[in-house]
Amino acid sequence: MGGSWRIQDGAVINWSDAQGSKLITGSPQWSDYQVTSDLRLLAHAGDIGLILRVNEAEIGTNSYKGYYIGLRSSDSAIVMGRADHSWLTDRPVPLGESIQAGRWYRLHVVAVGCTIAVEALDTVTGVRGYSALRDDPRHCIHNGQIGLRSTDTSSAWKNVRIADATSADLQQILSRAPEILHPDFPIREDDFARMRAKYFPRNYPFSDETTDVVDSISDKGLPNIQAVPLATALALRTQPGTAQEVRVHGVITSISPFYIQDTTGGVELRPPDPGTLCIGDEVDAIGHSIGEGRGLVFVANRIEGPAARAPLTPLSITPAQAVSGAYEGSLVEITGQIIARSRLRDGSTVLTLTAEGQSFETILPSDPFGSSEDDWQAGSSVRVRGICTIVPDAATGSSFAILAQSNADLTMLTGPSWLVGWRLLCL
């Protein structure tokens with residue numbers, strides 16, 4: 001629910017920094033249990049954790065009923081709280097050291113009755129932190145599913161294990177927790193996203209507070225990014241390419257493949273370190289373009305930022321606008337009717353759609369966590385979100401293609417009509 005999920009190198013990865021991305025599994029009837037997981041912030045500051053006793057889950061930051069237990073980098077704290085389509089947080093407990101991106105931490109959470117306790121471990125330094133929450137019996141959530149959840153950063157989880165829990169399991173952590181707390185003051189979780197620049201100014205070299213950081217780049221022998229000529233996505237497509245290094249300032253709109261988009265359009269991006277970027281990051285890419293026209297790729301020598309988190313809203317366009325090429329490389333959404341479905345060798349799915357007399361394709365990477373492909377029956381109407389690109393191979397018969405990130409980028413509007421094929425025999 002939200003995010004862009006993959007399985008890679010033995011870990012479950014969310015490549016999006018969307019607010020409150022969730023991956024949920026298990027039985028709604030599970031009650032007293034314990035969960036252990038290794039987890040890591042991949043790109044930059046944010047928070048990552050586990051959700052327990054999940055019910056009524058929907059897409060959205062706090063759109064579920066359950067408990068969240070996680071690590072937040074903005075104040076290097078263990079965070080615990082209850083969500084009921086709103087957010088009630090406990091007092092954060094310091095881990096005892098700075099929570100860093102790129103480092104594996106381990107959470108062991110035990111939930112028995114209305115009490116939840118957690119042990120957090122830095123697998124590199126061995127530092128441990130403990131916290132516990134005793135919920136109000138009148139509002140306690142007694143059972144539900146489990147899930148993975150992150151906010152404001154791409155994240156990874158591995159070695160996720162779940163087992164029954166007893167009072168003895170709970171007591172092992174409670175004996176080390178400084179105190180048993182209870183949720184007693186409401187704080188909107190999205191507010192913590194705005195605290196990142198305050199707590200981590202060096203991650204934001206474009207702010208007024210960190211001019212000295214920008215200046216220090218020149219001191220290290222790297223050119224000041226403001227001295228690098230600024231180029232737009234449109235200029236890269238329409239003007240002759242040169243070997244001169246230029247800068248593109250925009251928002252990451254896709255990670256499979258990478259695309260960066262500014263106010264003039266989008267262009268495929270080849271970053272030097274893909275693991276440092278999330279969908280929604282506003283960055284400066286310094287490099288040069290190769291190829292031309294539909295085969296244009298911007299090769300970045302380095303990426304500066306993110307300066308902010310600014311996820312773009314897709315532009316709603318018609319097939320005629322897509323065919324014109326004006327939205328090449330841009331994040332768009334479009335509605336069409338499925339007429340065929342096929343599978344590529346790499347596991348990707350290709351849906352052939354039609355709308356307003358135009359045939360186009362939607363290409364979906366293999367997604368083990370997405371909706372069932374059985375829902376995508378011929379004749380169904382769907383709304384597709386993704387990167388618009390003109391198909392260079394005319395042999396497909398399609399006018400253009402939409403590169404989606406996951407199955408979640410397709411929204412089913414209506415199923416196939418009953419007045420077709422074998423259904424007529426049922427009347």
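1. Start with Asp136: at 23% relative accessibility it counts as partly exposed. This is a predicted model, by the way. The partner of Asp136 is Arg138, and the closest N and O atoms of that salt bridge sit 2.8 Å apart. Arg138 itself is exposed, with 70% relative accessibility.

2. Next, have a look at Arg103 and Asp122, whose side chains form a salt bridge with an N to O distance of 2.9 Å. Arg103 belongs to the loop between strand S9 (93-94) and strand S10 (105-112), while Asp122 is in strand S11 (residues 115-122), so this pair ties together parts 19 residues apart in sequence.

3. Are the two partners in that pair buried or exposed? Arg103 is buried, its relative accessible area being 17%. Asp122 is buried as well, at 0% relative accessibility. For Arg103, keep the cut-off in mind: buried means under 20% relative accessible area, so 17% qualifies.

4. Then there's Asp409 with Arg385, a salt bridge with 2.5 Å from N to O. Asp409 is buried at 8% relative accessibility, whereas Arg385 is partly exposed, at 30%.

5. How many salt bridges turn up in a search of the whole structure? Ten. Among them are Arg103 with Asp122, Asp136 with Arg138 and Asp409 with Arg385.

Terms used. Residues numbered from 1 in each chain as written. Predicted model: local features only at pLDDT ≥ 70, side-chain atom pairs only at ≥ 80, totals over all residues. Heavy atoms only, no water. Salt bridge = Lys/Arg side-chain N within 4 Å of Asp/Glu carboxyl O. Helix = DSSP H or I, 4+ residues; strand = E, 2+ residues; numbered from the N terminus. Buried < 20%, exposed > 50% of the residue type's maximum accessible area, 1.4 Å probe, protein only.
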